[in-house]
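Here are a few exercises to work through with the model open. Try each task before you read its solution.

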Amino acid sequence: MERTLILIKPDALTRGLAGTVLARFEQKGLKIAGIKMIQLDDALLREHYSHLAAKPFFPTICEFMSRTPVIALCLEGLEAVEVCRRLCGVTNSRQAAPGTIRGDLGMSMQANLVHASDSPETAQAEVARFFKPQELFDYQPALISYQYASDER
Ligand code: ADP
């Protein structure tokens, strides 16, 4: 099973949508391997968004992402990285498909409710960035045999 890193962003928290966002992932069948609230500081934001450091909007991302704490999630499932990206929808919430988290709940490019790792390699690095090994848990969901076929588990 694959693990991925999700951040529930300050807009979702402030709008009272953290539970709704978490429920979307849970209802899909992703298993929560780790969950915690964290205040992002400058150093962590620079590392996390290093691929955007040269963009003119970079300072506004840092300001936005540190306005409140975020909820970090490590979610686990078959092809979890791709499944979660599709569940979130495209970056611009206005263009995200109905049925996705961003498409159903947002109107903004920046305030788009969630971050989700974009590849298995990125996911590995991001999970390690936000969680210590002892903060990640391995347990057996009771209904796994109804969530996956025998050759998928
Ligand atoms: P994604 O989060 O969909 O993987 P990116 O990695 O390209 O997208 O961007 C990271 C985050 O930076 C986005 O989720 C969004 O909050 C913000 N962002 C991206 N592009 C813009 C933009 N043009 N203007 C303002 N904020 C942006």
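**Exercise 1.** How many nonpolar, polar and charged residues does the shell around the ligand have?

*Solution.* Before counting, note that this is a predicted model, where local features need pLDDT of at least 70, side-chain atom pairs count only at pLDDT 80 or more, and totals for chains, interfaces and linings use all residues. Residues are numbered from 1 along each chain as its sequence is written, and side-chain values use heavy atoms, with hydrogens and water left out.

Step 1: list the neighbours (a heavy atom within 4 Å). They are Lys9, Tyr49, His51, Leu52, Phe57, Ile61, Arg85, Thr91, Arg102, Met109, Gln110 and Asn112.

Step 2: sort them, with Ala, Val, Leu, Ile, Met, Phe, Trp, Tyr, Cys and Pro as nonpolar, Asp, Glu, Lys and Arg as charged, and the others, Gly among them, as polar. You get five nonpolar, four polar and three charged.

**Exercise 2.** Find polar contacts (N or O pairs within 3.5 Å) from ligand oxygen atoms to Lys9, Gln110 and Asn112.

*Solution.* Start with the side chain of Lys9, which has an N or O atom 2.9 Å from a ligand oxygen. Next, a polar backbone atom of Gln110 comes in at 2.8 Å. Finally, a polar side-chain atom of Asn112 gives 2.9 Å.

Methods
Polar contact = N/O pair within 3.5 Å; in protein donor to acceptor, adjacent residues only side chain to side chain.
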